[in-house]
Structure formats: structure tokens, C-alpha cells
Amino acid sequence: MRLPLMNLFKLNRMPILRQLHLEEMLMRTSSENWCIINDGTINPTIVMGISGKPQELLETESVLRDEIPVIRRMSGGGTVIVDQDTIFVTFICNKDTIPGLKPDPQRIIQWTGHLYETVFNGIGNFSVCENDYLLGERKFGGNALSITSKRWLQHTSFLWDYKKSNMSYLKLPQKAPNYRQGRSHLDFICRMKDYISRSGFIDETIRAAGSHFQLTPLHQKDGFLNQQYEHLRSRLLTIDELEEAAVYTPAVATRV
């Protein structure tokens, strides 16, 4: 049976906001399938889900003091801090592209989880647990999804490495997966570099995607990467928004 077509974009340190805008544009205006791999972003940046509240998720005073950009993305999911040691992989597909796959979050993450099982075959006891990717009992990949009437998008942030100091900008979230068991950020996550090389992971991910799709490589110089698009939902939070979050009292910040 002929494999479905998919465009492959390999990017190198595209700013994460630009990547999110590109993904949203492809989700809205393209009818083709896409795999986007971005090997790192430029500066440390916090990315929250579309309903994320900085007063509940961030140490806003530290974020403001150190001038860490904060993005609210178009999709749901949790909060991450990303930098040059984060590898991003996104799949954008039409709902009927993968036979038998119903477009709901659990089934999509399970399907991509099977794809990554081949990437980590025999490495580090890979598993999918409550929408996260784990090696052993520690998270190294977080997922966020957006699903429309015709298409779905899953983007994943993989921690190839991380700086301990960056984790201090994140609060322990009120809503956390059960398997976290109240662990701190540093006890909850792991570094992918302890299990696989950076280039090896990217190469194996492309090979795994190629077993499900007929891939067409594209290049950063392609024209539409330089286009500007309006009314995109992923955006930077303003200083005013962060300052307002910083003055919330703890009682308000923890209100359900």
C-alpha cells in the first residue's frame, strides 16, 4: 500500500515563536501533511499552553528580573522552558491521513508514541505515560496538541539537555500527572543526551517517520518561511501582563 505524503522541514535554531507561527500557518492554510524538526532555539524562553496562567505557573519576579520571554502558544498542554538544548518535533496531519487513527489526544499521542518506540528501541526503557514521553520513570518529552475539524497538530519538546538554573523559573504546577508524585522539576525530568546522541535522535526520528510516510525534504530558504501572517494565536506576553501576575497574592494565585 502506498504511504501517505508528508513534507519534512529540518530547521536549525529557529526562534520558538517563529516556529509556532509557522506551525499555525501550516495548520490553517495548508492541506498537506508536515513533519517539522527544529534543532534548538536561540534564547531561553518559557512556553505556556493557551490557558496557562503565569501567576500559577511561573516565578514571575525572577522571570521579569532576568528578562525571560514568555509565550502563550496556540495549543493546550503544560509549561516548558526551552533553549538551544531543546529539540522540537511537530507532526501536522489531515484527519484521514493515518488509517484507523481517531483524532483525539490520547490516540494521537499513543500513535506517535509507537513511532518513537522505534527511535528508542532498546534504549532507556521508553514509554508513554499520561501524555508524556518517559525514559524509565523520568520525563524527557512533553506534548501539546491542537485539533480542528479537518486537521491535527502535535508538537513535542524533547530535553536533549537542560540547565538546572532554568528550572527555577517554573513553579510546581497545581495540575500534574499522577506519576509525578509531587517530585520537583529536577527529580522529575531527565536528559536525553545520557541515552542517545543529538544527531542520532534526529536521524532515527526521520527514519521512523519514513516508515509511515513518503517524505519530501524541504529547506529553510523556501519562500513562505519569510512570509508574515496575521491573527496568529501564539504570542509573547507583555511586560504589563507579567507584572500584573507578579503582584497577585498567593491566595489568589492558588485559587481553583
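## Basis of the model

Two strands count as paired if DSSP finds at least two bridges between them. Helices (H or I, at least four residues) and strands (E, at least two) are DSSP runs, numbered from the N terminus. By this rule strand E9 (residues 138–147) and strand E10 (residues 151–159) run antiparallel and are joined by 7 bridges. Serine 146 has leucine 153 in E10 as its bridge partner.

The model is predicted: local features need pLDDT of at least 70 and side-chain atom pairs count only at pLDDT 80 or more, while totals for chains, interfaces and linings use all residues. Residues are numbered from 1 along each chain as its sequence is written, and side-chain values use heavy atoms, with hydrogens and water left out.

## The eight-stranded sheet

E9 and E10 belong to an open sheet of 8 strands in the order E7-E8-E9-E10-E6-E2-E1-E11, and the pairing is mixed. Strand E7 (126–129) and strand E11 (214–218) are the edge strands, each pairing on one side only. From one strand to the next the twist averages 20°. Axes here are lines fitted to C-alpha atoms, for helices over the stretch in contact, and angles run from 0 to 180 degrees between N-to-C directions.

Valine 128 has tyrosine 133 in E8 as its bridge partner. The two strands form a hairpin with 2 residues between them, and glutamate 130 in the turn has a positive phi of about 50°. Helix H7 (residues 198–210) lies across strand E1 (5–11), strand E2 (34–39), strand E6 (86–94), E10 and E11, and runs at about 10° to E6. Contact means heavy atoms within 4.5 Å.

## The nonpolar cores

A nonpolar core is a set of buried Ala, Val, Leu, Ile, Met, Phe, Trp, Tyr and Cys residues joined through side-chain atoms within 4.5 Å. Buried means under 20% relative accessible area, exposed over 50%, and partly exposed in between (1.4 Å probe, protein chains only). The largest core has 34 residues, of which Phe91, Tyr116, Phe120, Phe140, Phe158, Met192 and Phe201 touch the most other members. At least two residues each come from E1, E2, E6, helix H4 (105–119), strand E8 (132–135), E9, E10 and H7. H4 gives the most, with 6 residues.

Another core lies apart from this one; it has 19 residues, among them Met48, Leu57, Leu58 and Ile81.

## Aromatic pairs

The structure holds 14 aromatic pairs. Rings of Phe, Tyr and Trp (its six-membered ring) pair if their centres lie within 6.5 Å; planes under 30 degrees apart count as stacked, over 60 as edge-to-face and the rest as tilted. Tyrosine 116 and phenylalanine 201 form a stacked pair, 6.5 Å centre to centre with 15° between the planes. Tyrosine 116 lies in helix H4 and phenylalanine 201 in helix H7, so this pair ties together parts that are 85 residues apart in sequence. Both residues are buried.

Phenylalanine 120 and phenylalanine 140 form an edge-to-face pair, because their ring centres are 5.1 Å apart and their planes stand at 70°. Phenylalanine 120 lies in the loop between H4 and E7 and phenylalanine 140 in strand E9, so the pair ties together parts 20 residues apart in sequence. Phenylalanine 120 is buried at 2% relative accessibility, and phenylalanine 140 is buried at 1%. Neighbours within four places in sequence aside, phenylalanine 120 is in contact with Phe126, Leu135, Phe140, Met192, Ile196 and Phe201. Ring pairs link Tyr116, Phe120, Phe126, Tyr133, Phe140, Phe158 and Phe201 into a cluster.

## The four-stranded sheet

Another open sheet has 4 strands in the order E5-E3-E4-E12, again with mixed pairing. Its edge strands are E5 and strand E12 (235–236), each pairing on one side only. Strand E3 (residues 45–48) and E5 pair in the antiparallel sense over 3 bridges, and valine 47 has valine 80 in E5 as its bridge partner.

## Two loop residues

Aspartate 85 lies in the loop between strand E5 (80–82) and E6. Its relative accessible area is 13%, so aspartate 85 is buried. The side chain of aspartate 85 makes a polar contact with the side chain of arginine 198 (3.4 Å). A polar contact is a pair of N or O atoms within 3.5 Å; within protein, one must be able to donate a hydrogen and the other to accept it, and residues adjacent in sequence count only if both atoms are side-chain atoms.

Arginine 13 sits in the loop between E1 and helix H1 (16–29) and is partly exposed, with a relative accessible area of 41%.
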